[in-house]
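Here's a quick briefing to read with the model open beside you. It takes a few spots in turn, grouped by topic.

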Amino acid sequence: MQNINRKAKEYIGVLLGFPVIDQLKEMEDLGVSVTTHTYDVLEIAIRDLKKSYRSLKRAGEELDLFAMLVGIIIHDTSKASLRVGGDSILSHSQVMLKKPDRIRKEATGILKKMEEETGLILDPNTERKIVHIVLSHHGRWGRVTPSTKEALMVHKADEYSAKYHRINPIGADKIVELMAKGLSLDEIKDKLDCTSGIIKDRLKRSKVELKLKTNKQLLNYYNANKKIIIGDEFFIKRITETKELIKKVDKFGFETLVKQCELFNHFNDNQIFDRNL
């Protein structure tokens with residue numbers, strides 16, 4: 001019984017070792033690495049599965065959880081291939097909308113490479129579900145919309161992650177703290193490794209909440225109170241959750257967290273891989 005998911009574990013282990021995964025680690029989208037976002041999508045999807053089906057066991061009886069895991073892991077690989085290849089002026093989002101065949105080709109190419117590397121051949125239905133998950137994860141903002149339960153779950157998880165956790169977690173509190181030490185905004189930008197736009201946005205959010213007009217007034221408020229309000233409730237939620245997410249992935253590592261996810265307990269090799277070959 002303990003070996004019922006041995007091949008599935010092997011498959012995911014090899015997939016996580018692909019060079020494109022390392023490339024995604026080095027890529028940031030609004031201050032969050034792509035692999036951190038990928039893990040976030042996985043966590044959110046698992047949370048939603050439990051909520052919708054009451055347990056992962058029940059979810060596994062109706063959905064292909066292995067297809068969901070693989071689809072989540074590779075759903076954003078084109079962010080790396082487009083940048084590394086340098087043969088397209090389109091972004092990942094634009095390709096999802098205008099050239100979905102390129103996304104399909106990349107996803108099927110990864111699965112074919114996995115077959116060569118592991119000797120494991122996916123059940124055709126599982127393979128189709130994985131490719132569809134990748135093609136449709138942008139939902140109405142892409143060319144292909146989700147038509148399976150698995151794809152819809154992944155799309156919703158990706159959408160939630162983008163809404164709440166696709167944000168540079170720097171807050172005005174850190175900026176004003178450095179201002180109080182005498183640093184200029186340009187020096188703060190370099191120290192925090194962010195753009196001038198981030199600095200301007202964060203200071204503006206804090207001033208709006210405190211009903212202040214100038215950065216000098218904000219600095220005086222900080223000096224008097226030793227703290228400031230960084231934004232509204234929604235913004236604070238986004239910043240707090242994103243900081244916790246980044247901290248978790250940095251501490252344990254993307255690959256380790258994926259390998260430890262609860263979905264593995266509900267994989268059955270006989271349902272995942274083609275038994276006719």
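His165 is buried in this predicted model, with a relative accessible area of 8%; buried means under 20% relative accessible area, exposed over 50% and partly exposed in between (1.4 Å probe, protein chains only). Being a predicted model, it has local features called only at pLDDT of at least 70 and side-chain atom pairs only at pLDDT 80 or more, while totals for chains, interfaces and linings use all residues. Numbering runs from 1 along each chain as its sequence is written, and side-chain values use heavy atoms, with hydrogens and water left out.

**Around His165**
- His165 sits in helix α10 (residues 149-165); helices are DSSP runs (H or I, at least four residues), numbered from the N terminus.
- Its side chain makes a polar contact with the side chain of Glu241, at 2.6 Å.
- Polar contact here is a pair of N or O atoms within 3.5 Å; within protein, one must be able to donate a hydrogen and the other to accept it, and residues adjacent in sequence count only if both atoms are side-chain atoms.
- Setting aside neighbours within four places in sequence, His165 is in contact with residues including Val32, Asp40, Arg238 and Leu245 (heavy atoms within 4.5 Å).

**Helix α11**
- Ala172, Ile175, Val176, Leu178 and Met179 are the buried residues of α11 (residues 172-180).
- Down the α11 axis they fall within an arc of 160 degrees, so they line one face of the helix; the arc uses directions from the helix axis to the C-beta atoms.
- Their cover includes α12 (185-192), α13 (196-210) and α14 (215-225).

**Thr214**
- Thr214 lies in the loop between α13 and α14 and is partly exposed, at 35% relative accessible area.
- A polar atom of the Thr214 side chain lies 3.0 Å from the backbone nitrogen of Gln217.

Key:
Helix = DSSP H or I, 4+ residues; strand = E, 2+ residues; numbered from the N terminus.
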